[in-house]
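Dear colleague,

I am passing on the structure that we spoke about, with the sequence and the coordinates together. Please open it first, and then read the notes that follow.

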Amino acid sequence: MKRLLSLCAFAGLIISCSPTEETPDYTKMSEEERLQAATEIAQSTIMVDGHVDLPYRMKVGGFTLQREILDVSVRTPDGNFDYPRAKEGGLDAPFMSIYIPAGNQKIPGASKALADSLILMTERLASTFPDKFAMAYSPADIEANFAKGLISLPMGMENGAGIEDNLANVEYFHKRGIRYITLTHGTDNLIGDASYDTTGTHGGLSEFGEKVIAEMNRVGIMVDLSHVSDNTFRDALAITKAPVIASHSSVRKFTPGFERNMSDELIQAMAKNDGVMMINFGGSFIDSAYAAGGAKVREHIVNWLAENNLSRRDSAAQTYISEYAAANNPFPTVQKVADHIDHVKNLVGIDYVGLGSDFDGVGDSLPTGLKDVSMFPNLIAELLKRGYSKEDIEKICYKNVFRVWKAVEDYAASQK
Ligand SMILES: [Zn+2]
């Protein structure tokens, strides 16, 4: 304290500094005090989420200008995201997933057409509610929107199939506002192999995929390596000229054999690239016991429905299903998500981890205490309990992903 006081005296009027600004010891607080502190941090810090599947949910829910259909400017009874809940949770910049199901790849032009329509829908959300939402194309945009209390809607395209077979579409989508592209989704595409697909079409990144990455680097779109196979991951890291992201992937150590999550080797390689891995909250991403239990529950339910001559839609069946699932395969908890963050921090450091919830994209598998965007403070409180500092939390919430995003912008600027 003495040292701090003398430093303050020395600094005089140049910087404002007082002993009352000393960092509190969050680990010694009661649960209630800590949640309060976590909520204050969530509200005062920019919070970016790498992956929210709202555009596709709006498409399914029929968002149009007729507000009564699916209006996320007000509290919605289902889904994981809406404006009031995002405000409660302190979420400021959810990356809107412009999601293209792999099925579209079979029809030439269908992937780009769907991407275009989901981008329009996202823009329409911002223009319909300009006092609540705003588009964002850079960290600077997010900072400006945050200062005005607006929720930013940056966009990432989930599945590079939207580029079709035309390299010029990379620049086109940059102009349309896309700031990351997830190279693949569920199956191999023209760019490379996917983690859920065992075909091994290209053995990793294709020649076209190499050109796509070079073009993404040139125009300033972040390379997203969630969903790709390990070979594609390594190939992409070997040629990218700028840091990469994984917009919604968790740690494979906790889900052995689940290639959709990242192995320690890949986490280390990504840290060497100065990239950031944003942790997915989905139950099967964070807890292999939950994933295995889910499979068993599904098997039991199929048999039970047949024995009782019921369909999944019958209300008696729905009650039974939810009660049986809750009793036999309890949801993971928010602590599990913190375990994944801990693992990355301990393996490579605090500078390489962020949040990529997959809200609106992983059904009802989300952990207890992290069921929707209003509950981010529960996760922050858990991290504070484990000794994370406010600075650590800021890195996880936005500083790490902003570092990568700015490096990608800088590289693109250097190519002009
Ligand atoms: Zn996904």
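**Notes on the model**

At 16% relative accessibility, Asp360 counts as buried, a term that here means under 20% relative accessible area, with exposed meaning over 50% and partly exposed in between (1.4 Å probe, protein chains only). Asp360 lies in the loop between β10 (353-355) and α15, and has a positive phi of about 65 degrees although it is not a glycine. The helices (H or I, at least four residues) and strands (E, at least two) that I name are DSSP runs, numbered from the N terminus.

Before going further, please keep in mind that this is a predicted model, in which local features need pLDDT of at least 70 and side-chain atom pairs count only at pLDDT 80 or more, while totals for chains, interfaces and linings use all residues. Residues are numbered from 1 along each chain as its sequence is written, and side-chain values use heavy atoms, with hydrogens and water left out.

Glu158 and His248 are both buried.

Asn159, which lies in the loop between β5 and α7 (168-175), has a positive phi of about 120 degrees although it is not a glycine. Asn159 is also buried, with a relative accessible area of 0%.

**Helix α15 and its neighbours**

Helix α15 is mostly covered, in that eight of its 10 residues are buried; these are Phe376, Pro377, Leu379, Ile380, Ala381, Glu382, Leu383 and Leu384. The buried residues of α15 pack against α2 (31-44), β1 (48-52), α4 (83-89), α14 (334-348), β10 and α16. Just after α15, Gly387 takes a positive phi of about 95 degrees.

With α16 (residues 390-414), helix α15 (residues 376-385) packs at an angle of about 145 degrees, the axes being 10 Å apart. Axes are lines fitted to C-alpha atoms, for helices over the stretch in contact, and the angles run from 0 to 180 degrees between N-to-C directions. On the α15 side the contact (heavy atoms within 4.5 Å) is made by Ile380, Leu383 and Leu384, and on the α16 side by Ile393, Ile396 and Cys397. By class this contact has six nonpolar, no polar and no charged residues, where Ala, Val, Leu, Ile, Met, Phe, Trp, Tyr, Cys and Pro count as nonpolar, Asp, Glu, Lys and Arg as charged, and the others, Gly among them, as polar.

**Helices α7 and α8**

Helix α7 and helix α8 (residues 207-219) pack at an angle of about 35 degrees, with their axes 9 Å apart. In this pair, Val170, Glu171 and His174 of α7 meet Val212, Glu215, Met216, Arg218 and Val219 of α8, and the residues of the contact divide into four nonpolar, one polar and three charged.

Phe133 is placed in strand β3 (residues 133-135), and at 1% relative accessibility it counts as buried. Leaving aside residues up to four places away in sequence, Phe133 touches Val72, Ser73, Phe81, Tyr83, Leu125, Ala126, Leu150, Ile151 and Leu153. The C-alpha atoms of Phe133 and Tyr83, which are 50 residues apart along the chain, are separated by 8.4 Å.

Finally, the domain assignment of the protein chain gives domain 1 (26-287 + 334-414) and domain 2 (289-331), with bounds that come from an automatic or database domain assignment. The centres of domain 1 and domain 2, taken over C-alpha atoms, are separated by 31 Å, and eight residues of domain 1 are in contact with four residues of domain 2.

With best wishes
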